[in-house]
Amino acid sequence: MFTGLLAIVAVAGLSGVSLAVWPIGEPPRLAELEGDAQRGGYLARAGGCIACHSDPDSSRPALTGGAPIKTGFGSFVPPNLTPHETSGIGAWSIDDFARAVRQGVAPDGVPYYPAFPYAFYGHLSDQDIADMWAAFKGVAAQEVTGGESEIAFPFNLRFGLKLWRAAYAKGPPTDADPERSEAWNRGRWLVNGVAHCGACHTDRNLLGGRRASQSLAGSDDLPGGGKVPAIRPRDLAQAGWMVSSLAYGLKSGVMPDGDTFGSGMGEVVRHGTAWLSEDDRRAMAAFLLGKDETGDGG
């Protein structure tokens, strides 16, 4: 038993060293950029930052930490994103923020768990990051937090995230397709990127990695045992969605049959997509329905 324990410690040590020297990505250099806080706030809404890092059922202010995300790997508590020096991100630099958002790595070099959907934010430009940083720096600093994550063994040993990142950290494509319309490409950038629809609407394997072949095909294994439907073009069309109704649903939470979205998607709408412009909601709808136009005839 003692020998086995030594072996585990040795592997952990070697993996930790390899993680420390393993090139995760090019270090960002954004200090000279000036951010637009209004645009950054818009991107933060689109990215679900407010929805995830706030807990409306608590008495805490927004962005001081979200409700626990309960998974088979443990319970993950989204942290405080206000500019508090110790409880939030007030001691970070803009380069720390960029590395966290786009590469999933904390300022101290420790990798984040994929409960934080950083894979979907890798496409954000330096200016996008600078704008978001300006927005977060402009909110009131709050000392309170939502508590600590409770992660089960052996998943609490973060060195295993190196292998996970190598296999699953790449997000779906967001690059513009010259064969498609501007609206479709904007929708792709939003859906596959910052709005990270595939984080929920894509099934995952036993290691928590998204099954790329099942992108947007729905999932019945969300945190807390929830389920979400497929949102591919054929599935949406069969469910009665059109570009106009889907864009309206992303604003109001109302479905074509008059029912409303469930609690999870309701939160996404209330704190995220409802704040987007009508053009962006229609672009998302056009992309999801496979249309090049934002009208129902496209």
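Biologist: Which residues in α4 meet which residues in α5?

Modeller: Before the answer, please note that this is a predicted model, in which local features need pLDDT of at least 70, side-chain atom pairs count only at pLDDT 80 or more, and totals for chains, interfaces and linings use all residues. Residues are numbered from 1 along each chain as its sequence is written, and side-chain values use heavy atoms, with hydrogens and water left out. On the α4 side there are I94, F97, A98, V101 and R102, and they meet D126, I129, A130, M132, W133 and F136 in α5. Contact here means heavy atoms within 4.5 Å, and the helices (H or I, at least four residues) and strands (E, at least two) are DSSP runs, numbered from the N terminus.

Biologist: And at what angle do α4 and α5 pack?

Modeller: The angle is about 115 degrees, and the axes of α4 and α5 are 10 Å apart; the axes are lines fitted to C-alpha atoms, for helices over the stretch in contact, with angles running from 0 to 180 degrees between N-to-C directions. The two helices α4 and α5 are therefore roughly perpendicular to each other, a label that covers 65 to 115 degrees, while angles under 35 count as roughly parallel, over 145 as roughly antiparallel and the rest as oblique. The crossing of α4 past α5 is right-handed, meaning that the near helix is turned clockwise from the far one by less than a right angle.

Biologist: Is α4 mostly covered or mostly open?

Modeller: Mostly covered, since eight of the ten residues in α4 are buried, where buried means under 20% relative accessible area, exposed over 50%, and partly exposed in between, using a 1.4 Å probe and protein chains only. Among those buried residues are D95, R102 and Q103, along with F97 and V101, and what covers them includes α5 and α6 (161-168). Just after α4 comes G104, which takes a positive phi of about 70 degrees.

Biologist: How far apart are A37 and F136?

Modeller: Their C-alpha atoms are separated by 7.9 Å, although A37 and F136 are 99 residues apart along the chain. A37 lies in helix α2 and counts as partly exposed because its relative accessibility is 38%. Leaving aside neighbours within four places in sequence, A37 is in contact with D131, A134 and A135.

Biologist: Now the strands, what is the order in the sheet?

Modeller: The sheet is open, with three strands in the order β1-β2-β3 and antiparallel pairing, and two strands pair if DSSP finds at least two bridges between them. The edge strands, each pairing on one side only, are β1 (69-71) and β3 (150-151). Strand β2 (residues 74-76) is joined to β3 by two bridges, and G74 stands opposite I151 in β3.

Biologist: What about the loop between α3 and β1, is L63 buried or exposed there?

Modeller: L63 lies in that loop and counts as buried because its relative accessibility is 8%. L63 also has a positive phi of about 70 degrees although it is not a glycine. H53 is found in the loop between α3 (49-52) and β1 as well, and its 11% relative accessibility is why H53 counts as buried. The residues that H53 touches include L63, T64, P78 and L81, not counting residues up to four places away in sequence.

Biologist: Last one, where is the cis peptide bond?

Modeller: The cis peptide bond joins F153 and P154, with omega about 5 degrees, and P154 is found in the loop between β3 and α6.
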